[in-house]
Amino acid sequence: GLGDVYKRQVQRSNKSIVNFAFGIEQNITNSVKILIGYCSDKNNFDQSSINDSEAFIINTSLFDKQHFSGGVELSSKKSSLVVGLTYDIGDQKNTSQMANLKTPSIQNGFLGTTNNSSNKSYSRLALTFGYTQILSK
C-alpha cells in the first residue's frame, strides 16, 4: 500500500575523486588587474554500488560541474572594487527518476514506475561584486 513507499532503505555510496582548480591574476596597470579562474567540481557519489532500485539516496547534488570565472579588480590606496562573472555547467545522463507521473497509482504512492531515463542539465551565470575599504594604512 501507500506506506510501502516510506519503507525504502536509506543508503550512501562514495567514490574517490580528484578536483582541479587554477587561477590567473594579471596586472594591467598599478590599479587594474584581470582575474581568470577554472574549477572542476566532480560528484563523489558512486551510483554503480547501489543495487536496490527502491533505495532512497541521500545526496545533495549528483552533477559533475565545471566553474569558469573572470573579472576585473580596480584598486586605489584606500579601496578596491572587484566585478566578476562566474559560469557553471554540469549534466547527468541516464539517472533514476524521482517520479514518473505518466503511471501513478496508489500502490506506488503516486510516484509511478520509475526507470533510468532521466537526463538532467545544470547551468548558472552569476555576477559578483566585492568592495574593500582600507581603514588605516
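**Aromatic pairs and their strands**

Reply: Of the contacts (heavy atoms within 4.5 Å) between residues at least 6 apart in sequence, 61% join residues at least 24 apart. The model is predicted, so that local features need pLDDT of at least 70 and side-chain atom pairs count only at pLDDT 80 or more, while totals for chains, interfaces and linings use all residues. Residues are numbered from 1 along each chain as its sequence is written, and side-chain values use heavy atoms, with hydrogens and water left out.

The chain has seven strands and zero helices, where strands (E, at least two residues) and helices (H or I, at least four) are DSSP runs numbered from the N terminus. Strands count as paired if DSSP finds at least two bridges between them; β2 (residues 21–27) and β3 (residues 32–41) run antiparallel with seven bridges, and a hairpin of four residues connects β2 to β3. On its other listed pairing, β3 runs antiparallel to β5 (residues 64–75), with 10 bridges joining β3 to β5.

Aromatic rings of Phe, Tyr and Trp (its six-membered ring) pair if their centres lie within 6.5 Å, with planes under 30 degrees apart called stacked, over 60 edge-to-face and the rest tilted. By this rule there are four aromatic pairs. One of them is the tilted pair of F20 and F22, at 6.1 Å centre to centre and 45° between the planes. F22 has 40% relative accessibility and therefore counts as partly exposed, given that buried means under 20% relative accessible area, exposed over 50% and partly exposed in between (1.4 Å probe, protein chains only).

The pair of F63 and Y122 is also tilted, because its ring centres are 5.9 Å apart and its planes stand at 35°. This pair links distant parts of the chain, since F63 lies in the loop between β4 (56–57) and β5 whereas Y122 lies in strand β7 (residues 118–133), 59 residues apart. F63, at 16% relative accessibility, counts as buried, while Y122, at 26%, counts as partly exposed.

Y122 also has a charge over its ring: the charged end of K65 sits 5.2 Å from the ring centre, where the rule asks for NZ of Lys or CZ of Arg within 6 Å of the centre and within 35 degrees of the ring normal. K65, in β5, stands opposite D41.

Returning to F22, its bridge partner in β3 is Y38, and F22 and Y38 belong, with F20 and F68, to one aromatic cluster.
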